[in-house]
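Subject: Handover of a structure and summary of findings

Dear colleague,

Please find the structure below, for your records.

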2 protein chains.
Amino acid sequence: MKPYRELSKEELLQLKTELEARYREAQAKNLHLDMSRGKPSADQLDLSMGMMDVLNSEANLKDSEGVDCRNYGVLDGVREAKELLGEMSEVSPDKIIIYGNSSLNVMYDTVARAMLHGVMGHTPWCKLDKVKFLCPVPGYDRHFAITESFGIEMINVPMTPTGPDMDMVEELVSKDPAIKGIWCVPKYSNPQGITYSDETVRRFARLKPAAEDFRIFWDNAYCVHHLYDDDQDFLIEILGECEKAGNPDLVYKFCSTSKITFPGSGVACIATSPNNLQDIKKQLTIQTIGHDKVNQLRHVRFFKDINGIHEHMRKHAEILRPKFEAVLDTLDRELGGLEIGSWIRPKGGYFISFDAMEGCAKAIVAKCKEAGVVMTGAGATYPYHRDPKDSNIRIAPSFPTKDELAAAADLFVLCVKLVSVDKLLESK
Amino acid sequence: MKPYRELSKEELLQLKTELEARYREAQAKNLHLDMSRGKPSADQLDLSMGMMDVLNSEANLKDSEGVDCRNYGVLDGVREAKELLGEMSEVSPDKIIIYGNSSLNVMYDTVARAMLHGVMGHTPWCKLDKVKFLCPVPGYDRHFAITESFGIEMINVPMTPTGPDMDMVEELVSKDPAIKGIWCVPKYSNPQGITYSDETVRRFARLKPAAEDFRIFWDNAYCVHHLYDDDQDFLIEILGECEKAGNPDLVYKFCSTSKITFPGSGVACIATSPNNLQDIKKQLTIQTIGHDKVNQLRHVRFFKDINGIHEHMRKHAEILRPKFEAVLDTLDRELGGLEIGSWIRPKGGYFISFDAMEGCAKAIVAKCKEAGVVMTGAGATYPYHRDPKDSNIRIAPSFPTKDELAAAADLFVLCVKLVSVDKLLESK
């Protein structure tokens with residue numbers, strides 16, 4: 001196909017007429033499709049139904065250390081849960097605290113703790129005039145919502161194919177003591193599906209922040225969420241790199257089973273240095289007597305070990321892969337060569353990131369919505385919902401069925417074309 | 001028995017010799033007993049094992065509104081969980097937010113939210129020079145630990161047989177705008193087992209606090225935790241009273257199933273006014289996508305309705321009642337008439353509160369410990385662990401077996417006698 005911008009005004013107008021006719025046809029189908037959130041589909045959830053059987057009224061609910069998991073106690077999680085999530089986090093169990101049902105909550109509470117109590121004896125952030133966070137963009141809207149809710153100033157750092165722009169990160173972090181953190185989704189990033197390169201991870205581990213209480217918020221949400229068994233991204237383990245670099249306390253690493261078993265009924269954890277763990281537990285013991293140990297036991301007995309998780313994730317991949325490919329193939333087929341958008345083919349995670357022509361994202365999402373297809377709001381992938389180029393759109397292909405997805409992807413590319421044609425006509 | 005203080009020095013010295021001999025005998029038994037925390041016993045936990053069967057791999061995990069409880073969503077809890085905990089909280093389901101596994105966590109987060117975000121648009125407490133809480137004493141140590149951890153100044157308010165000294169509460173709250181809250185366990189209070197009278201509840205509802213963002217933290221932890229089927233305390237419902245008094249937003253009411261099913265693996269909730277709910281949800285939606293809905297469903301399907309809970313609680317009472325009575329009968333039999341201590345016979349809850357002679361509590365607890373019986377630390381029932389009279393001791397009779405408890409209670413009264421004799425000898 002010829003790039004759209006090489007078309008004459010007349011060609012564009014004729015194209016517009018054709019596309020509008022097709023859009024009206026699409027509208028007539030009364031679609032009600034949702035590609036807005038990274039929600040597993042019902043058949044993915046069915047994969048974990050066996051977990052409902054592992055603990056019954058005959059089960060022994062004592063953990064490997066003899067603790068009755070039905071009762072109070074054990075602030076940091078039962079031993080075997082720390083082992084399992086330790087394997088998943090690639091750190092030893094003694095660097096793990098197991099939490100409740102969601103890592104978002106753990107991340108929120110981690111920022112809240114720093115605000116109220118400070119990090120390892122430093123001034124609580126709520127007592128400072130200014131606190132700033134670096135936000136690789138495009139990124140995860142719920143991360144940005146946390147920092148925004150605390151009045152933390154967010155600074156955009158562009159993503160590159162190997163992770164955040166590390167020159168910029170190093171420059172900012174080393175000079176400005178008000179910068180206290182950075183949000184990272186280092187593997188199969190949300191929304192681009194980018195995995196940080198070894199060099200990026202090492203540069204993170206070697207950061208020399210001006211603020212001693214600067215922390216990297218390393219949200220390894222998609223650590224085992226591969227789409228291909230034989231073509232996976234690898235991420236080197238950052239806590240080990242930080243130790244080697246003499247920066248042992250630099251990172252809070254977050255992980256959960258939310259998109260492995262049941263989102264909202266899973267188990268989350270934090271992995272970090274002994275100093276940080278001690279600092280966290282001092283506050284955590286006031287906040288709770290302990291998290292849900294029965295659910296920890298349920299997860300461990302279902303998976304047994306990390307191999308059980310990998311095997312389980314292969315089943316997820318079998319469901320997810322065709323959906324990702326359906327959307328990506330539609331993008332390739334319908335938009336390839338038109339130069340009105342670009343996208344990345346991720347090897348894992350939950351999202352496809354689409355960059356439209358500048359100034360087109362909002363209009364495309366609106367057009368989709370008018371025809372019954374809900375996308376994540378344009379701008380959501382940027383702090384304050386402000387995408388300076390109004391270009392990035394996050395596509396979440398997991399929840400709809402394959403047929404629904406085909407219809408939704410068709411409509412999406414149609415809207416991209418229509419809005420792009422309008423945009424190009426503006427300058428003719 | 002003759003009161004100890006009427007004994008002569010010689011009589012006391014002889015008594016001391018006898019008691020010391022018995023104490024050495026007790027030490028020789030090498031007891032390892034724990035009456036320190038309000039933990040249910042294993043046979044109480046067994047009562048809920050049937051809950052492990054209500055959801056299996058064949059179960060329909062959709063709630064009554066068709067929501068797939070295995071997936072993300074539903075910030076404030078599934079409909080039927082709000083109905084069940086609404087019945088337990090005696091408010092309509094639309095005044096309920098269902099949380100995760102523990103009400104302690106909900107209370108912590110409620111104070112943390114006020115600290116960081118303020119209450120209904122008022123200045124965040126962390127921005128104020130001074131924040132104070134009223135603390136009815138003796139009270140619950142974990143409440144005091146929360147406010148202490150935030151640097152909130154705690155003011156003791158004495159408990160009376162009808163609840164906190166309301167003259168003092170009214171006086172303080174109406175005059176000092178720095179007083180932002182009060183901790184209450186209004187039914188079968190921790191540790192005394194006192195239930196607030198109707199008049200006390202109504203005076204709470206009619207408070208005219210100097211601070212508009214003053215809130216009553218109403219921890220109704222023992223709402224259905226009766227010991228006797230035919231002799232129960234009744235607590236009038238405070239949210240309704242607040243509405244009648246034109247103070248609808250005055251109360252946060254907390255509740256959970258922690259001592260109904262499995263502590264740490266239960267379901268907690270907050271019940272409050274629509275204004276407060278809206279204020280809470282604004283923050284909660286940033287903190288989490290939702291709590292564990294599968295566990296909510298598990299609880300609802302197990303109990304079906306409030307009658308199921310009441311029936312279940314009768315079984316708990318059958319286990320707890322003989323334990324409470326064993327301790328209370330020992331206190332009556334061994335200490336009655338000696339005037340070296342006083343105690344209340346509670347009709348529910350988890351604790352017995354013992355007031356020793358002034359200056360004796362720490363020594364009694366230490367003596368118990370030396371002979372292998374762990375009590376809650378003396379002072380724990382007061383803010384900052386400072387019992388000004390060094391008098392109050394909390395007894396938690398739920399966890400040991402009946403035989404263990406008999407041994408522990410025997411040792412306890414022995415230690416009370418010994419320490420009291422020593423105390424009386426000091427002034428002879």
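A salt bridge is taken here as a side-chain nitrogen of Lys or Arg within 4 Å of a carboxyl oxygen of Asp or Glu. The side chains of Asp46(A) and Arg70(B) form such a pair, with N and O 2.7 Å apart. The count between chain A and chain B is 2 salt bridges.

This is a predicted model, in which local features need pLDDT of at least 70, side-chain atom pairs count only at pLDDT 80 or more, and totals for chains, interfaces and linings use all residues. Residues are numbered from 1 along each chain as its sequence is written, chains are lettered from A and ligands numbered from 1 in the order in which they are written, and side-chain values use heavy atoms, with hydrogens and water left out.

The interface between the chains

Contact means heavy atoms within 4.5 Å. By that rule, 57 residues from chain A and 57 residues from chain B take part in the contact. Buried area is the accessible area (1.4 Å probe) that two parts lose on being put together, summed over both. Between chain A and chain B this area is about 4700 Å², and carbon and sulfur atoms give 54% of it. On the side of chain A, the residues that lose the most area to chain B are Arg70(A), Tyr72(A) and Ile286(A), together 16% of what that side buries.

A polar contact is a pair of N or O atoms within 3.5 Å; within protein, one must be able to donate a hydrogen and the other to accept it, and residues adjacent in sequence count only if both atoms are side-chain atoms. Across the interface of chain A and chain B, 22 residue pairs are in polar contact, both residues being at pLDDT 80 or more. Helices (H or I, at least four residues) and strands (E, at least two) are DSSP runs, numbered from the N terminus. Helix 2 (42-46), helix 4 (103-117), helix 5 (141-149), helix 9 (274-287) and helix 10 (293-303) of chain A each supply at least two residues of the side that touches chain B. Helix 4 of chain A gives the largest share of that side, 8 residues. By class, the side of chain A that touches chain B has 25 nonpolar residues (Ala, Val, Leu, Ile, Met, Phe, Trp, Tyr, Cys and Pro), 12 charged residues (Asp, Glu, Lys and Arg) and 20 polar residues (the others, Gly among them).

Salt bridges within the chains

Over all chains, the count comes to 59 salt bridges. Lys347(A) is paired with Asp233(A), the closest N and O atoms being 3.9 Å apart. The two residues are 114 residues apart, Lys347(A) in the loop between strand 10 (341-343) and strand 11 (352-356) of chain A, and Asp233(A) in the loop between strand 7 (215-219) and helix 8 (238-244) of chain A. Buried means under 20% relative accessible area, exposed over 50%, and partly exposed in between (1.4 Å probe, protein chains only). Lys347(A) is partly exposed at 28%, whereas Asp233(A) is buried at 14%.

In chain B, Arg5(B) and Glu339(B) meet in a salt bridge at 2.0 Å, N to O. This pair spans 334 residues, from the segment before helix 1 (9-28) to the loop between helix 11 (306-335) and strand 10 (341-343) of chain B. Arg5(B) is partly exposed at 49%, and Glu339(B) is partly exposed at 44%.

Arg37(B) and Asp141(B) also form a salt bridge, at 2.8 Å, N to O. Arg37(B) lies in the loop between strand 1 (33-35) and helix 2 (42-46) of chain B, and Asp141(B) in helix 5 (residues 141-149), 104 residues apart. Arg37(B) is partly exposed at 26%, while Asp141(B) is buried at 15%.

Cysteines

A disulfide is a pair of cysteine sulfur atoms within 2.5 Å. The structure holds 0 disulfides over all chains. The sulfur of Cys223(A) is 3.6 Å from the closest cysteine sulfur, in Cys255(A), and therefore too far for a bond. Cys223(A) is buried, with a relative accessible area of 6%. Cys360(A) is in no disulfide, the nearest cysteine sulfur being that of Cys415(A), 12 Å away. Cys360(A) counts as buried at 0% relative accessibility.

With kind regards
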